[in-house]
Amino acid sequence: MSSLEVSEEVRQYLKTPTFDNWQWEDAEIMVLLQVMYTDLDFISTFNIELDVLQQFLYEVYRRYNNIPFHNFKHCFCVTQMMYGLIWLIDLRSKIDSIDLLIMLTSAVCHDLDHTGYNNAYQINARTELALRYNDISPLENHHCAVAFEILEKSESNIFRNLPTEQYKRIREGIIKCILATDMTRHTEILNKFKAILPVFDFSNKDHRDVLMMIMIKVSDISNEARPMDVAEPWLDCLLQEFFNQSDMEKLEGLPVTPFMDRDKVTKPSSQTGFIRFVLFPLFIELANLFPCLEVRTFLEDLTKRVRETETHRERERKRERV
């Protein structure tokens with residue numbers, strides 16, 4: 001399947017937040033990623049050769065590991081959500097194409113060579129990544145470095161035909177976006193966004209930078225905002241990765257991350273807290289800037305999901321008491 005063979009129906013479906021990634025094989029996903037670059041006019045605007053884009057995406061594919069959650073399919077889901085939001089909120093009419101290119105490419109690269117073990121583990125286990133990056137966002141710094149290793153090769157450098165100044169701007173933007181996915185910075189970035197919302201100005205670079213960080217954060221953790229049959233398998237994948245880490249922490253005598261402990265965590269408990277305290281506030285603030293999000297089903301679906309999850313938890317408690 002080539003990007004030319006993707007039907008108009010699929011192209012339109014690809015722009016929706018309800019897109020079901022589970023229907024597609026990895027080879028097809030590579031084509032759908034090409035479609036995103038094509039339909040946002042990046043190919044012509046930034047003089048990206050199709051064979052270079054294909055090689056870039058192949059190198060990206062190779063550098064995602066076969067782990068339960070932070071794999072190539074997750075990369076696609078985050079990128080697809082970013083792509084869908086760009087169309088949904090009509091971001092093309094509000095910011096430059098170069099910022100859109102930064103956002104989409106950051107989503108593609110944001111978890112490159114993820115190990116399946118989070119920053120807390122890296123730091124506590126004193127891994128090579130933690131030592132290399134002095135305990136400062138070891139994974140996110142690594143994802144950035146791997147992205148630019150790929151882009152250093154001429155055959156996979158989708159930015160190779162751009163002037164130096166444009167490349168510098170893109171590099172700076174991608175680094176900012178990927179580093180923003182470190183969840184230890186969640187409150188800091190969200191508070192920055194809330195502070196500028198009343199006076200938000202799309203012509204202000206600092207404001208755009210914060211918006212881009214919020215956009216990749218929303219895209220990164222948006223699985224729970226998708227339809228239940230799409231979201232549920234992802235939760236299983238995430239918990240498997242969490243449990244693998246807590247098992248390793250116990251084995252190595254390291255502090256066990258509480259929300260990853262298979263002896264303490266249940267699916268409902270992990271869902272409710274995450275939706276209520278992390279995802280919900282992010283979507284609410286984004287919807288404050290783009291009211292069209294509120295008339296959609298995002299916030300309604302999240303509210304419904306929390307209620308359903310809490311009802312399920314209550315049933316579990318009653319069974320335990322019996």
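## Definitions and basis

A polar contact is a pair of N or O atoms within 3.5 Å; within protein, one atom must be able to donate a hydrogen and the other to accept it, and residues adjacent in sequence count only if both atoms are side-chain atoms. The model is predicted: local features need pLDDT of at least 70 and side-chain atom pairs count only at pLDDT 80 or more, while totals for chains, interfaces and linings use all residues. Residues are numbered from 1 along each chain as its sequence is written, and side-chain values use heavy atoms, with hydrogens and water left out.

## Overall architecture

The protein contains 16 helices and 0 strands; these elements are DSSP runs numbered from the N terminus, with helices being H or I of at least four residues and strands E of at least two. Of the 322 residues, 54% are buried, where buried means under 20% relative accessible area, exposed over 50%, and partly exposed in between (1.4 Å probe, protein chains only).

Contact denotes heavy atoms within 4.5 Å. Among contacts between residues at least 6 apart in sequence, 73% join residues at least 24 apart.

His70 is found in the loop between helix 4 (50-62) and helix 5 (72-88), and is buried with a relative accessible area of 15%. Its side chain forms a polar contact of 2.5 Å with that of Glu241. Leaving aside neighbours within four places in sequence, His70 is in contact with Tyr64, Asn65, Asp111, His114 and Glu241. Asp111 lies in the loop between helix 6 (97-109) and helix 7 (119-124); Asp111 is buried, with a relative accessible area of 5%. Not counting residues up to four places away in sequence, Asp111 touches Tyr64, His70, His74, His143 and Asp220.

On a 1 Å grid over the protein atoms alone, a pocket is an open set of points with protein on both sides within 12 Å along at least five of seven lines, a cavity is a set of points where a 1.4 Å probe fits but cannot get out, and lining residues have an atom within 4 Å of a point. Grid points are joined across faces, edges and corners, and a volume is the space filled by probe spheres set on the points.

The largest pocket has a volume of about 1,000 Å³. Of its 39 lining residues, the closest to its centre are Met183, Leu238, Phe242, Phe259 and Phe274. Helix 7, helix 9 (138-152), helix 13 and helix 14 (267-289) each give two or more residues to this lining, and helix 13 gives the most, with 8 residues. Gly253, whose phi is positive, near 70°, follows helix 13.

Helix 6 is largely enclosed by the rest of the structure, because 12 of its 13 residues are buried. Buried residues of helix 6 include Asp99, Ile102 and Cys109.

A search of the whole structure finds 1 cavity of 30 Å³ or more. The largest cavity has a volume of about 110 Å³. Among the residues lining the largest cavity are Asp99, Ile102, Arg169, Glu172, Lys205, Arg208 and Asp209. Helix 6, helix 10 (164-179) and helix 12 (205-220) each supply at least two residues of that lining.
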